[in-house]
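Morning, everyone. I'll take a few minutes on one structure.

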Amino acid sequence: MDRGRSGVSASFLQELELPPVRPGADEPGWLSALRRRAMDRFVETGLPTTRDEDWKFTSVSAIGQGAFSRPDPNAVYAASRASLHGLQFGVPEWSELVFINGRFSAELSNLPDPSRGISAQSLSTVLLESPGLLEAELARVVPIDQAFSALNTAFMADGAVIRVAPRVQAPGLIHLLFLTDASAGPIVTYPRILIVAGESSDVSVVETYASLTSDVYFTNAVTEVIVGQNARVEHIKIQRESERAFHVGTVEARQTRDTRFRSFSFAIGGALARTNIYSVMQGENADCTMNGLYLLHGTQHIDHQTRIEHAEPNCTSREVYKGVLDGTSHGVFNGKVFVRPEAQKTDGKQTNKNLLLSEGAKIDTKPQLEIFADDVKCTHGATVGRLDEIGMFYLESRGIGAALARRLLTYGFAADVLAEVTQDPVRAQLERLVFERLETSVR
Amino acid sequence: MLEIRNLRANVGDKEILRGIDLTVNAGEVHAVMGPNGSGKSTLAQVLAGHPGYTVTGGEVLYEGEDLLAMEPENRARAGVFLAFQYPVEIAGVTNGYFLRSAFNEIRKANGGEELDPLDFADLMDEKLKLVEWDQGVLTRFVNSGFSGGEKKRNEILQMAVLEPRLAILDETDSGLDIDALRIVAEGVNRLRRPENATILVTHYQRLLNYIVPDFVHVLSQGRIIKSGGKELALELEARGYEWIGGEAA
């Protein structure tokens with residue numbers, strides 16, 4: 001095994017050399033073969049370094065040096081319903097799949113009624129009950145050529161499979177809640193999600209990554225979204241991991257004709273977090289919207305990479321990412337928009353705006369537009385600013401103290417992108433998280 | 001209530017106020033007039049604590065306290081209010097939330113109880129009537145996308161809610177059509193109390209047809225060069241600023 005390039009410590013590699021969570025006997029041959037290929041690929045690439053263009057501003061060496069074990073499959077992690085309360089949305093009609101330390105918890109979950117054309121099951125259940133079903137779909141949207149996606153593919157143990165039948169409009173939202181309890185020691189989980197939206201269907205999915213403790217652990221997640229013709233998928237990711245945790249997650253959608261994919265990425269947690277949101281528009285007249293908000297304080301490092309690929313004509317994309325950075329935190333935004341030669345009449349717009357609240361906070365923003373077609377309308381831009389002195393004076397001149405004035409202006413900065421979350425209970429939770437963060441850290 | 005003594009202030013290295021003396025008592029309305037660049041807006045902003053100006057000399061006593069030593073928010077909590085010439089747009093914060101935050105911060109500072117959203121809504125019903133406005137303005141973001149007239153009206157709404165003891169209106173009449181001017185002026189008149197005072201900073205006499213001042217002061221090159229009663233404003237209107245030795249309007 002060539003460990004030269006990987007930068008992975010011996011302890012982590014030992015973990016990697018363990019057999020997959022599910023022994024081969026339980027598993028279809030195609031899956032074992034897929035894991036093997038993914039593992040081989042990972043060994044070939046190793047963990048990325050800052051010499052890799054895609055990881056220029058984010059060093060994952062701390063992950064490589066960490067000694068994360070996979071959670072003991074026999075351990076019982078007690079999470080009470082009450083402890084989940086602040087992580088949920090309080091809408092009884094919505095479905096929810098709860099995962100504790102990577103494992104599906106049937107008793108805490110509330111599955112949709114499959115007779116209505118929507119099914120949401122745990123990955124482990126699907127693999128056990130219909131082992132052949134996922135062969136044609138898994139690892140097709142997210143390839144195994146990136147280190148973390150390869151690792152996830154090699155070691156995925158559980159997650160969710162969501163299927164919406166053609167022409168079915170999911171009445172509520174499906175919430176996937178990944179909760180980590182690493183109080184017994186640093187662990188790593190590999191959540192894997194597959195969303196398949198049939199032709200002309202409509203579904204909204206929220207993924208939450210959270211912890212009830214402030215321990216060290218590593219989440220490495222992959223979500224694949226297949227958007228059938230004329231279907232609409234809304235995907236919201238809420239990353240509120242422990243502030244000592246590591247998080248690397250990729251969400252990738254494949255859009256066909258007349259599809260709409262709306263993504264929102266909210267990131268507030270993690271010591272070191274990287275979220276990739278990708279979409280490829282492979283059919284005409286598709287629409288892709290990617291929005292996000294990241295709030296950093298202390299020494300947090302939060303990185304977003306987005307990629308929108310216009311592969312066919314007449315597609316539109318809209319993207320707004322905003323960041324608020326305090327303390328000595330470090331934010332990264334890299335938004336790529338590719339317009340292939342065939343993709344005439346592309347209409348793309350991308351914006352990244354950042355607000356620095358402290359002298360020590362830092363943002364690396366890199367909007368990237370690569371256009372190979374000639375009849376397109378594309379714009380992009382990035383800004384980095386501080387709180388407006390005259391805005392502060394205006395609020396203060398009304399009796400509002402400096403701390404509250406800073407919070408109001410900061411909230412106001414983030415408000416328009418939060419308004420893009422159209423599901424009211426989800427937006428309310430995010431607004432509350434923003435308020436709470438500003439109350440504790442913006443003084 | 002307010003005593004300004006030999007006040008001097010700069011923007012950067014440029015001296016704008018060059019020794020202002022002015023005394024304002026409770027119950028009085030003072031108009032500060034003067035051509036562009038005479039320093040009248042600077043005077044208003046220095047009194048409110050604008051960070052862009054440096055006071056280089058003199059003193060300002062408000063209710064016997066050193067006003068210039070107070071932070072802007074503490075001036076407001078003590079009852080000083082500046083209606084901005086150019087109100088600031090604050091996207092993402094609703095007017096209602098802004099007004100309630102300001103109201104409660106001032107209340108708390110003065111040892112009062114905060115009003116909850118329901119009680120505050122009742123208060124707003126009454127205040128909105130003063131400026132002939134409806135509830136819709138409370139859910140709009142502060143001054144965002146407001147017309148010039150709406151911004152000025154919003155300043156008077158804030159004044160109505162915060163009930164200052166000393167209100168300083170900086171060019172509140174500029175850019176208003178006749179209807180907006182009437183609404184704004186009537187709002188100010190209805191807020192007049194014997195225990196309060198008002199300073200109107202204006203270039204034109206027009207506003208003074210609606211809000212009648214007790215005293216008129218003419219500012220030129222950072223100094224008050226003439227003071228008189230309300231008839232002084234009419235004379236300025238008729239004869240221009242040059243008549244009293246000020247620079248051309």
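Start at A:Ala267. Its bridge partner in β14(A) is A:Tyr294. Keep in mind that this is a predicted model.

Now the strands around that bridge. In chain A, β12 covers residues 260–267 and β14 covers residues 287–296. The two pair in the parallel sense, over 8 bridges. As a reminder, strands of a sheet pair through backbone hydrogen bonds, parallel or antiparallel.

Zoom out to the sheet. It is open and has 10 strands, all from chain A. The order is β2-β1-β5-β8-β10-β12-β14-β16-β18-β20. The pairing is mixed. Which strands stand at the edges? In chain A, they are β2 (103–110) and β20 (377–385). Each has a single partner strand, so one side of each is left without a neighbour in the sheet. On average, neighbouring strands are turned by 10° against each other, direction ignored.

Next, a helix on this sheet. α8(A) lies across β14, β16 (316–325) and β18 (347–356) of chain A. Against β16(A), α8(A) runs at about 155°.

How many residues of chain A are in contact with chain B? There are 21, and they meet 22 residues of chain B. On the chain A side, α7 (389–396) and α8 (402–418) each supply at least two residues. The largest share comes from α8(A), with 10 residues. By class, the chain A side has 12 nonpolar, 5 polar and 4 charged residues.

Methods. Residues numbered from 1 in each chain as written. Chains lettered and ligands numbered in written order. Predicted model: local features only at pLDDT ≥ 70, side-chain atom pairs only at ≥ 80, totals over all residues. Contact = placed C-beta atoms within 7 Å. Helix = DSSP H or I, 4+ residues; strand = E, 2+ residues; numbered from the N terminus. Nonpolar A, V, L, I, M, F, W, Y, C, P; charged D, E, K, R; others polar. Pairing = 2+ DSSP bridges. Axes fitted to C-alpha atoms, helices over the stretch in contact; angles between N-to-C directions.
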